[in-house]
Amino acid sequence: MQSVEGGRLIHLNTNPGWHVVFDAAAWASGAILARALYVWRLKTQVSTTAAKIGPGYFIALGAGAVAGGYLAGSLVSFIGPAPTLSHSIAGVLAGAVIGVEIYKAVRRIKGSTGSAFAGPLALGIAVGRWGCLFAGLPDGTYGNPTSLPWGVDLGDGIARHPVQIYESLAMASFLLVYLLGLRRRAPWAIERGFYVFCAWYGAQRFVWEFFKPYPRLFWGLDLFQFIALGLVAYGWICFARDADKAAA
C-alpha cells in the first residue's frame, strides 16, 4: 500500500485474462444456484411458467440480451475517448426484458416469467464484477480517482473507486435478502423476485455510475443511468401490478 497525494493506494496485479476466469465462474455458479433454487423452492413456479411460455420465449430473450448488451456498451464506448465495440450487463438485462415483454404481449402471457433468473443473475453479477476489477484498465469499467483509503491502483498509479466491488457487494446483499425471502416462502420472492431484482439492480447501478468517468448525456447522467432508471421503473410497476392482482 502506498501514499498517493495524501490518500491511500491499494495496488492490484491486473490482467485482462482474469475476466474470462471470473466470467466462467459466474456462469457456473449461476447455473448451480439455479438448479438448487429450483429443487428447493421454485419447482412449482418454474414448472407453471414453462408450461405457458414456449420455445420462442428463449429466442426473444437471447436476441434481446445480445442486441441490448452490445448496443448499450458500444454506444457508450463510441462516444468515449477510445471507440470500440463493447457490451454491458445493464444493456443485456434491459434488452432481455424488452424482448421477453414483447413476446409476452404477442402471446398474451400474463404475470412474471423470470422467477428462475433472479438468484442466478444476482450471483453471476456479484462474481463477474470481480473479473472486471482484475481485468484492469483495458476493461473500461474502472472508477473515478478517489482519496478514500480503499482506492485501488489498476496499473496507472491512480487511486480509483473500486466500483466493481461496490456493485458486487450490492448484488450479494440482494441475493442474501432474496434467499431469506425464499426460505420464508414469501410471495414477493417466489412469485415476483425477478421484478425486485430488476429494481434493485437498476437502483444500485444508478448510484455507482456517479463514480465512473463515462460521458454524460443529459442532466449529468450517463446512458447506463437512464437504462438503470428504466429497470427501476419496470420492476416497480410490474411488482405493484402483480401484487394488486394477487390481492384482488
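Lys104 and Glu101 both lie in helix 3 (residues 89-107), three residues apart, or about one turn of the helix; helices here are DSSP runs of H or I with at least four residues, numbered from the N terminus. This is a predicted model, in which local features need pLDDT of at least 70 and side-chain atom pairs count only at pLDDT 80 or more, while totals for chains, interfaces and linings use all residues. Residues are numbered from 1 along each chain as its sequence is written, and side-chain values use heavy atoms, with hydrogens and water left out.

Side chains of opposite charge can pair when their charged atoms come close. A salt bridge is taken as a side-chain nitrogen of Lys or Arg within 4 Å of a carboxyl oxygen of Asp or Glu, and the whole structure holds eight of them. One of these joins Lys104 to Glu101, with the closest N and O atoms 3.4 Å apart. Lys104 is buried at a relative accessible area of 4%, whereas Glu101 is partly exposed at 24% (buried means under 20% relative accessible area, exposed over 50%, and partly exposed in between, with a 1.4 Å probe and protein chains only).

Arg160 and Asp156 also meet in a salt bridge, at 2.7 Å from N to O; Arg160 is buried at 9%, and Asp156 is partly exposed at 31%.

Glu209 sits in the loop between helix 6 (187-208) and helix 7 (223-247), and its side chain meets that of Arg205 in a salt bridge of 2.6 Å, N to O. Glu209 is buried at 0% relative accessibility, and Arg205 is buried at 2%. A network of salt bridges links Arg205, Glu209 and Lys212.

How values were computed. Helices (H or I, at least four residues) and strands (E, at least two) are DSSP runs, numbered from the N terminus.
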